[in-house]
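Let's take a walk through this structure together.

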Amino acid sequence: MTVIPNDIDNLNQLNRISPLFDIQLTSYGGRACFSTQDIPKGTEVLLTSEPIGSVILYEFRKEVCSSCLKYVYGEVCKIKADEPKVANVDEENQTNSKKKGNKKKFQGAGLWFCSEECKVQYQSKPSCNQLIETFETLLTYYQTKVKSPEVEDDDSEFKPIITKEYIDSFWEEVNQWDITASKTKHSKLVAQQLPKINSDEYTTVRFVTSVLHNLHHTHSETSVAYYHSLQSNEEDKIRAFPTLLLSQTLVYKFLRICLPEHLQPLLSTDHFRELCGREYGNSFGIWQQTSTNTEAGSIENENKEFLGYSLYPEASYFNHSCGPNLRKIRVRDRMQFETIKDISKGEQMCIDYFHILDEPRDERQKILKKNWFFDCGCDRCENEKI
Ligand SMILES: C[S@@+](CC[C@H](N)C(=O)[O-])C[C@H]1O[C@@H](n2cnc3c(N)ncnc32)[C@H](O)[C@@H]1O
């Protein structure tokens, strides 16, 4: 069951996301955004800050610009990240690499850009050097431990009944592993315990790392507080994809062994579980945009490839409606929300999660339940109830 937070009072203590709306409880449960005044059609109600976490899928890493997220089918980005000038690798990792004499040539940290301007813009972000060094370290470890497709886990027999207790017991074993790992030398952990991971797991490694880095370095206290209040879908997600449980524990162990010292305190099994549970229901897909980018951004009217995903806590309190009054537009790596109807004071402000507005009610309900784990309680679904 999804745990729906009911912390309106705490949220309302925070700086408002926008003067145009606040967060209140809905009649069908959970929180949502409600307008604080009449808002005419065509008004921008939110332009997010940079995502608190973001990742490009491994298969698209060379084709999607890490800065503006531009993707053109068949085109490879030609520019890699520059090696940070000030070395900042955590000491033990550095010592291990040096001892073994295997300090590799800088590979670009798996970050690719469509232009010099995009690279400069990305690399001028606060603490970006540390993030690049961390990504480079993770990439290097991943390359030594990549799980080849022929040894993928056989999950055909893995059909447990997923309950909260089952998930907790799985993670209890990881807590025990963590205690032992904390007493083991890093070099021994790398040699004996570093799990092999596949490209999807590596994608999760990168996403989690970006969140931990931004929590530590870049985002405001308010943004962090909104992040910590996001709803988690852990149980529903694991029930829908049981093999994720094992997969997540591998990702966790990989991170525990490979993350630099300064991010380690943010990595606990509790936080990791919450983060993975929040990511599923709250992040926004990075979709290929087929319309031309304009200064105002590009409207996501023709989605093609799924390239990755980003998490913007301040935009994650918009609920879905089958008759939305907002549209979302990606502007580089930010999301903009704009009214597509006049909105009256006190009305709920909603987006379309899944491009299903042309489907009949039953079909829409089925799709939302299967993919987002909720029974849609929007006005249109209520009105179309037989
Ligand atoms: C991105 S969050 C939106 C904010 C969320 N309501 C909260 O309180 O954190 C998505 C979740 O909101 C709920 N939700 C969104 N739209 C809904 C709708 N039309 N009907 C019922 N629940 C909805 C579902 O639980 C969904 O997983």
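This is a predicted model: local features need pLDDT of at least 70, side-chain atom pairs count only at pLDDT 80 or more; totals for chains, interfaces and linings use all residues.

Residues are numbered from 1 along each chain as its sequence is written.

First, the overall picture. The chain has 13 helices and 13 strands; helices (H or I, at least four residues) and strands (E, at least two) are DSSP runs, numbered from the N terminus. Of its 386 residues, 35% are buried, a label for residues with 20 or more other C-beta atoms within 10 Å of their own, the C-beta atoms being placed from the backbone. Among contacts with a separation of 6 or more, 76% are between residues 24 or more positions apart; a contact here is two C-beta atoms, placed from the backbone, within 7 Å.

Now find helix 7 (residues 199–217). Its axis comes within 10 Å of that of helix 10 (residues 243–258), and the two cross at roughly 55°. Axes are lines fitted to C-alpha atoms, for helices over the stretch in contact, and angles run from 0 to 180 degrees between N-to-C directions. That angle makes helix 7 oblique to helix 10, the class left over once angles under 35 degrees (roughly parallel), over 145 (roughly antiparallel) and 65 to 115 (roughly perpendicular) are taken out. On the helix 7 side, the contact is made by Glu201, Thr204, Val205 and Val208, and helix 10 brings Ser247, Leu250, Val251, Phe254 and Leu255. By class that is six nonpolar, two polar and one charged, where Ala, Val, Leu, Ile, Met, Phe, Trp, Tyr, Cys and Pro count as nonpolar, Asp, Glu, Lys and Arg as charged, and the others, Gly among them, as polar.

Helix 7 also packs with helix 4, at about 160° and with the axes 11 Å apart. That makes helix 4 roughly antiparallel to helix 7. Leu131, Thr134, Phe135, Leu138 and Tyr142 of helix 4 meet Tyr202, Val205, Arg206, Thr209 and His213 of helix 7. Here the tally is six nonpolar, three polar and one charged.

Last stop: Ile161, in the loop between helix 4 (128–144) and helix 5 (164–182). Is Ile161 buried or exposed? Ile161 counts as exposed because it has 7 C-beta neighbours inside 10 Å, and the cut-off for exposed is 12 or fewer. Its C-alpha atom is 7.9 Å from that of Arg239, 78 residues away along the chain.
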